[in-house]
Amino acid sequence: MDDSEQPLENHTPHVEEPLWHDDPSDAAVTFIAEEESNERPATVGSARDDIQIPDFTLIKRIGSGAYGEVWLAQGITGALRAIKIVWREDFELTKTFHREFLGIQQFEPISRGHPGLVHILHVGWNEANGFYYCVMELGDDVEVGPHIEDTSTYIPRTLGSDLKRHGRLDLHFCQEAGAFIADALHYMHVRGLTHRDIKPSNIIYCGGVCKLADIGLVAMSGERSFVGTEGFVPPEGPGTPQADIYSLGKVLYEMSSGKDRMEFPEVPDEIDPSEWPFWNNFNRVILRACAPDLNERWATGEAFADALRAVTDARPVSLTQRVTKLLRRVALFGIGSCLIGGGWTSYKHQKEWAYTLPAPVKPAPPLPEQPTPGKPWKSMSGPWFSYQKDRHVADAPVDFTWFNTFLEETMRPFEGEVVTMPIAGNKTISAVVVSKPDADDFCEWITAQERAGGSNFPDQFEYTWHAVKPPRPPGAMPLRKGWSAIVCEITRFGFGRVVITSTPAPAEVFQGDELLGRTPLTLPRVREGNYEFNIRYPGYKTEVVNGTIKKGQSRNHPLKLKNISAVVWGKPWENTLKMKFIPLGQAMLGVYEVRRRDYLEYARARKLPPIPEQELEKATELDNPITHVTREDAQNFCQWLTDKEQATEIIEGNQHYRLPSDNEWSMAGNVPREIGSSPAERHLHVDGIYPWGFTLLPPESVANLFDKTAAAAEKGAKGIENYDDHQAKIAAVGTMKPDWLGRYDLSGNVWEWVADDYGGSDASTATQGTARGGSWLTKERQETLTSFRKPVPINARQQDVGFRVMLSDGRPAREDE
């Protein structure tokens, strides 16, 4: 009988050792800020060394525990996601692992049916490596919210992090969030699932909304395997709707009181007297949710949610509250005997004279009206607008105070003038005089500010401007050409409808860098005027849809996409020369060194004069790496290949072939970020790491170096002891064994040019080029280290120096470079 079949009374709650969490006693899968050293160590050569998730690049681990790992990941479209990976080897019994997978399968479609549940976008299974995974929407960042730009500093925002940063939370927020999560629980419960581990760190923010996360512990209602976190698990154990209600009650206790759940039901130390009525009513609902007897708890999540919403309903005032209030009046007005007597008399007739106490409510501030034809309008920023002809026009030019707010929030320098201008009522203002681009940017900024402020400025309105010539005082310099004072206007425009379909589908529809959706796609609100969209499908030519649309008009664009074998970013790919590429961070790295056959195509196309040492016409050796090339030769080859494939639209205009940088070559060779600003400064600063791993000798036939076979061919020579790759000289690409990512000859065969000058303080080598990786002539241990750099004159043609290429869209392979 496994753990899930044992009687619950024989068990204590399962406690997992967290790597990082908001509360020292919180003990299950939790979010972490960065990589830690005390995680479960992966065995050498295990599947965890190289996790491959189709169509995603794993960036960093953001959560870990006994029931899985959560990774920050980026999809091929650039969208950031959270991916949870659950390993079979972490479970004592295979059937327990399968039970968890069954729970996630059932939860996947349910998760997208309620806004209070973290949406699961995809579930996958990797039988060979023994794990399943689920792709989820990513939580907000604890500092910047949903607009995540720097993934290196990303930390998820959870209720736990909010409690840690702010202590006791606003009671109105507790009420609203609690009812929202209780509704989400009810949605799960009626579909036969329970959560089993509700706690602050498992409630995350997505787009500013609290959602239930850590779906790894979701199971069929009634599953009684003892998981969860101490203090949040009810006495009878998890696995029932009432158990989830108990856990949520404890979460709301921590939120509303600022105390630890182990202190439940102690009253908060400091509560403002004005909050007491609200907190007492709220706490009464929590006490019932956390009742030790499950029969006394709220029967359903729906009932719990309704009770939380009813907290702000008016309630009769208790005797104690009335007497306390009366006693205060005695102290203030000196008529204690009458009021106290009246208070005690009222005790006999409590029900007769009971009255209601208004609940503290935070009303939302009223929104100003929308700009209405014929009526003046006041913007959120303060200025008044009068209606003139067909639009609202500001009563005064933009003053420096208003414009300076724009400068500060956009962190841009000021280039312009400040002049005194008369306005109505015999008043003056300090108006700004700026260029047309600055005026356009200001109007775009204030439009965004107004729209973000509420429904008083819907998206059919925008700020524009017209120029006003400012007065020039005597002796002032002439006004710069194109500069003026600016008066803002409110322009209204209409919308049309655009429908885009494609074969094949679904293709992605972009406007600039914004993904609008996937075909077939209806865009019901396309602004009148000119429009343009890009339609992208992996392996097909990007199509541009453009045109002009009028208010109320509908336009259809049926597309048949052209298959051009274009690069599919983030996946293995083969170009027109049959050169193979695989992902390296944000770029694509050539699997092989550039071959003679590849270089021959270039030489013929450019009609280059022959170089005898290159032996390009030897048909039997066309798969050997090209050698006797200068760094400029290598760069010219990259430019030719870029022009060739851009012309046939195999690659796009922002994609190009190039030599890897010195840093990128180190990344390919599995070296961490190195200290130093040049190859010379980074040279040999990392020891013990080789392109094949950490052993002094490479595995058999992994690297073509100067070995026993090569030494035997050179009488009297001495090669690397105890190593034989069975190649006497240069070898065809692909002859050696690939590394674990499928790349060949990162060590040996030929040295490879990189883009950087060698640098350093030695004038004799500072302006030379840099070669990496060794060749078939390499036999010194230091030269086989990944961190070894060889200075080579940039115009030299050497018998053992070649190159490999990268495909890039302008970004470096490593995100932070």
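Four elements, α11 (436-452), β18 (461-468), β23 (521-527) and β24 (529-536), each supply at least two residues of the lining of the second largest pocket in this predicted model. Helices (H or I, at least four residues) and strands (E, at least two) are DSSP runs, numbered from the N terminus. A pocket is an open set of points on a 1 Å grid over the protein atoms alone, with protein on both sides within 12 Å along at least five of seven lines, and lining residues have an atom within 4 Å of a point. α11 gives the most, with six residues. Of the 22 lining residues, Arg451, Asp459, Glu462, Phe493 and Arg527 lie nearest the pocket's centre. About 500 Å³ of space lies in this pocket, a volume being the space filled by probe spheres set on the points, which are joined across faces, edges and corners.

The whole structure holds six cavities of 30 Å³ or more, a cavity being a set of grid points where a 1.4 Å probe fits but cannot get out.

Strands β21 (residues 508-511) and β22 (residues 514-518) run antiparallel and are joined by four bridges; two strands pair if DSSP finds at least two bridges between them. Glu508 has Arg518 of β22 as its bridge partner. Two residues lie between the strands, and Gly512 takes a positive phi near 65°.

Residues are numbered from 1 along each chain as its sequence is written, and side-chain values use heavy atoms, leaving out hydrogens and water. Local features need pLDDT of at least 70 and side-chain atom pairs count only at pLDDT 80 or more, while totals for chains, interfaces and linings use all residues.
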